[in-house]
Each structure stands twice: as structure tokens, then as C-alpha cells.
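Subject: Structure handover

Hello,

Please find the structure below. My notes on it follow.

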Amino acid sequence: MSYTHTDNVVYAQSPADPTKAYVTSSPAATGAITILKEVTINTLTCPVTSIGAGAFNGNTLTSVTFPSDSLITTIGNNAFKNSGLSTINIPDSVITIGDYAFTLNKLETLSGGKNLTTIGQ
């Protein structure tokens, strides 16, 4: 099951733990997007804990906003690859950023992420 928010960000239940949700491939998401703290999928309210591999790969994004109390712990491989971002503020909840998560962007500012323990290539 999945849920698509008004900004075309697609959320799905985690295969490993269906009480949690993640951002999955969202090819129609463009411009300014917001990653939600939680979503309701099939009557179950799930915390959003990760951004999946390639979720926004090749999208045209102008900004990504996270709630101040974000529960995202992982940003997957290629998550924002070639998506046009120039600035992003990583939530402090994030502990892992996968390989090439922000490659082929023109990042001028990458801030936040005080609790990062793993950053991929």
C-alpha cells in the first residue's frame, strides 16, 4: 500500500516493518517538496523513517523541507541524485546517508545532520 501527498511525494509501508513508512520512487514530485513526519496508509498511521534509494533521482526539485521533529534516520543511495538541489538542511535525526545520495547536484549548502554516523560515497 502507498500514499501520495499533494506535492506528489509517494510514501509506502516498509517491507521490513509495516508500522513504519518510507519515501519511495516519486517521479512526479517537482519544485518545493515537504517530507512528512508521518502518513496514514490503509488506516495505519506510520512514522516516516527513511527516504528510499533513488526516490527523487532525476527529479527537478527547488527545495526539500523536513519537519523540525523529523523521524527520518536514513537517506538511501541515489535518493536525490541529479535532482537540481543547491541547498539542503539534513534533519538531525538522520544517521545514515547512502552512496551518491546527492551526486550530480550543484549543492552550495548542505547543513544539519548533527547525528550522522555514516556517509556513503
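Helices (H or I, at least four residues) and strands (E, at least two) are DSSP runs, numbered from the N terminus. By that definition, the elements of the chain run β-β-β-β-β-β-β-β-β-β-β-β from the N terminus on. That is twelve strands and zero helices.

Before the rest, some notes on the source. This is a predicted model, in which local features need pLDDT of at least 70 and side-chain atom pairs count only at pLDDT 80 or more, while totals for chains, interfaces and linings use all residues. Residues are numbered from 1 along each chain as its sequence is written, and side-chain values use heavy atoms, with hydrogens and water left out.

Overall shape

The C-alpha trace spans about 40 × 30 × 25 Å along its principal axes. The radius of gyration, taken over C-alpha atoms, is 13 Å. Of the 121 residues, 38% are buried. Buried means under 20% relative accessible area, exposed means over 50%, and partly exposed is in between (1.4 Å probe, protein chains only).

Salt bridges

Side chains of opposite charge can pair when their charged atoms come close. A salt bridge here is a side-chain nitrogen of Lys or Arg within 4 Å of a carboxyl oxygen of Asp or Glu. By this rule the chain has two salt bridges.

One joins lysine 37 to aspartate 69, at 2.9 Å from N to O. The pair links distant parts of the chain, 32 residues apart: lysine 37 is in the loop between β4 (31-34) and β5 (38-41), and aspartate 69 is in the loop between β7 (61-65) and β8 (74-75). Lysine 37 is partly exposed because its relative accessibility is 31%; aspartate 69 is partly exposed at 39%.

The other joins lysine 114 to aspartate 92, with the closest N and O atoms 3.7 Å apart. This pair also links distant parts of the chain, 22 residues apart. Lysine 114 counts as exposed because its relative accessibility is 69%, whereas aspartate 92 is partly exposed at 32%.

Tyrosine 100

Where is tyrosine 100 found? Tyrosine 100 lies in the loop between β10 (96-97) and β11 (109-112), and is partly exposed at 38% relative accessibility. Leaving aside neighbours within four places in sequence, tyrosine 100 is in contact (heavy atoms within 4.5 Å) with Asn78, Lys81 and Gln121.

Regards

Terms used. The radius of gyration is taken over C-alpha atoms; the globule rule is 2.2 Å times the number of residues to the power 0.38.
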